[in-house]
Amino acid sequence: MERFVCASANPDKVAEIASVLAGLVELVPRPAHVPEVVEDADTLVGNARLKAAALCVATGCAAISDDTGLEVDALGGEPGVSTAMFAGIGCSYADNRAKMLDVLRDVVPPHRTARFKTVAMVVWPDGRELAVEGVCEGGIATTELGERGFGYDSIFIPAEGDGRTFSQMSESEKNEISHRGRAFRALLAALADRAGEA
Ligand code: IMP
């Protein structure tokens, strides 16, 4: 089983990633002494690369990372790569959700379409890398609904669901259709292909 150090220390994300990769790759937590990198690239893949490459250099091990953006059509695709800081530097998940509901207050549901995109990536110590993307189409709710999850989960309604927000779904229901679930399953498939070619 291939072994990867996981760049994310966010427990919400790590739980989702670990549940998709369980039994298929060995995921090692990021060592506490390795600092987080500044995610200042202007693309999701650029930020994923910054995170994995820094960890690879610090540990000498292959590293796995991800970066996610929310594209809202009524906002011309924003916040995209700036999704974590939509309401400003140091803002909370709740601040971001409140700002999103506020800026879309006059946008009626058919025009509240949005998608989450996740880039999942592996960087190996010899410089090889593998990056794939997972997308989940959906829309922004008009009010917060549900208790579970994190980030924008309580205001994101996936198109392939039954009208519930991600926050109203179990972890396995979310993983099955989510951007992150799709990205990490695609990463597993790409890793298997490479192993087959070797
Ligand atoms: P990151 O690049 O994975 O850290 O994601 C950037 C931001 O997107 C996070 O700070 C969250 O606000 C949001 N986000 C990422 N993944 C999800 C998700 O699965 N549900 C809801 N919000 C998410």
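Colleague: What is the relative accessibility of Asp73?

Modeller: This is a predicted model: local features need pLDDT of at least 70, side-chain atom pairs count only at pLDDT 80 or more, and totals for chains, interfaces and linings use all residues. Residues are numbered from 1 along each chain as its sequence is written, and side-chain values use heavy atoms, with hydrogens and water left out. Buried means under 20% relative accessible area, exposed over 50%, partly exposed in between (1.4 Å probe, protein chains only). Asp73 counts as partly exposed, with a relative accessibility of 37%.

Colleague: Which residue forms a salt bridge with Asp73?

Modeller: A salt bridge is a side-chain nitrogen of Lys or Arg within 4 Å of a carboxyl oxygen of Asp or Glu. Here the closest N and O atoms are 2.9 Å apart, and the partner of Asp73 is Arg115.

Colleague: Where does Arg115 lie, and how many residues separate the pair?

Modeller: Helices (H or I, at least four residues) and strands (E, at least two) are DSSP runs, numbered from the N terminus. Asp73 sits in the loop between strand S3 (63-72) and strand S4 (79-80). Arg115 is buried, at 12% relative accessible area. Its place is strand S5 (residues 113-123), and the separation is 42 residues.

Colleague: How many residues of S5 are buried?

Modeller: Arg115 is buried. S5 is mostly covered, and of its 11 residues the buried ones number nine.

Colleague: Which residue in S6 stands opposite Phe116?

Modeller: Two strands pair if DSSP finds at least two bridges between them. S5 runs antiparallel to S3, with 10 bridges, and pairs with S6 in the antiparallel sense over 11 bridges. On the S6 side, the residue opposite Phe116 is Cys136.

Colleague: Which residue in the turn of the S5 and S6 hairpin has a positive phi?

Modeller: Five residues lie between the two strands of this hairpin. The phi is about 95°, and the residue is Gly127.

Colleague: How far apart are the closest N and O atoms of Glu16 and Lys174?

Modeller: Both residues are buried. They form a salt bridge, with those atoms separated by 2.8 Å.

Colleague: Why does the Lys174 and Asp153 salt bridge tie together separate parts, and how many residues apart are they?

Modeller: The two side chains meet at 3.0 Å, N to O. Lys174 lies in helix H4 and Asp153 in the loop between strand S6 (129-140) and strand S7 (156-158), so the parts tied together are apart in sequence by 21 residues.

Colleague: Which residues share one network with Lys174?

Modeller: Lys174 and Asp153 meet in a salt bridge. Bridges that share partners join Lys174 to Lys13, Glu16, Asp66, Asp153 and Arg180.

Colleague: Which residue's backbone nitrogen lies 3.0 Å from a polar side-chain atom of Ser167?

Modeller: Ser167 is in the loop between S7 and H4, and is buried at 3%. Contact means heavy atoms within 4.5 Å, and residues that Ser167 touches include Leu145, Arg148 and Asp153. The backbone nitrogen in question belongs to Ser154.

Colleague: How much of the ligand's accessible area does the protein cover?

Modeller: Among the 14 residues around the ligand (a heavy atom within 4 Å), Lys13, Asp153, Lys174, His179 and Arg180 come nearest. Ligand oxygen atoms lie 2.7 Å from a side-chain N or O atom of Lys174 and 2.9 Å from a polar side-chain atom of His179. Areas come from the Shrake-Rupley method with a 1.4 Å probe; for residues, only the protein chains shown count as cover. On its own the ligand has 470 Å² of accessible area, and the protein covers 92%.

Technical notes
A polar contact is a pair of N or O atoms within 3.5 Å; within protein, one must be able to donate a hydrogen and the other to accept it, and residues adjacent in sequence count only if both atoms are side-chain atoms. Lists of a residue's contacts leave out its neighbours within four places in sequence.
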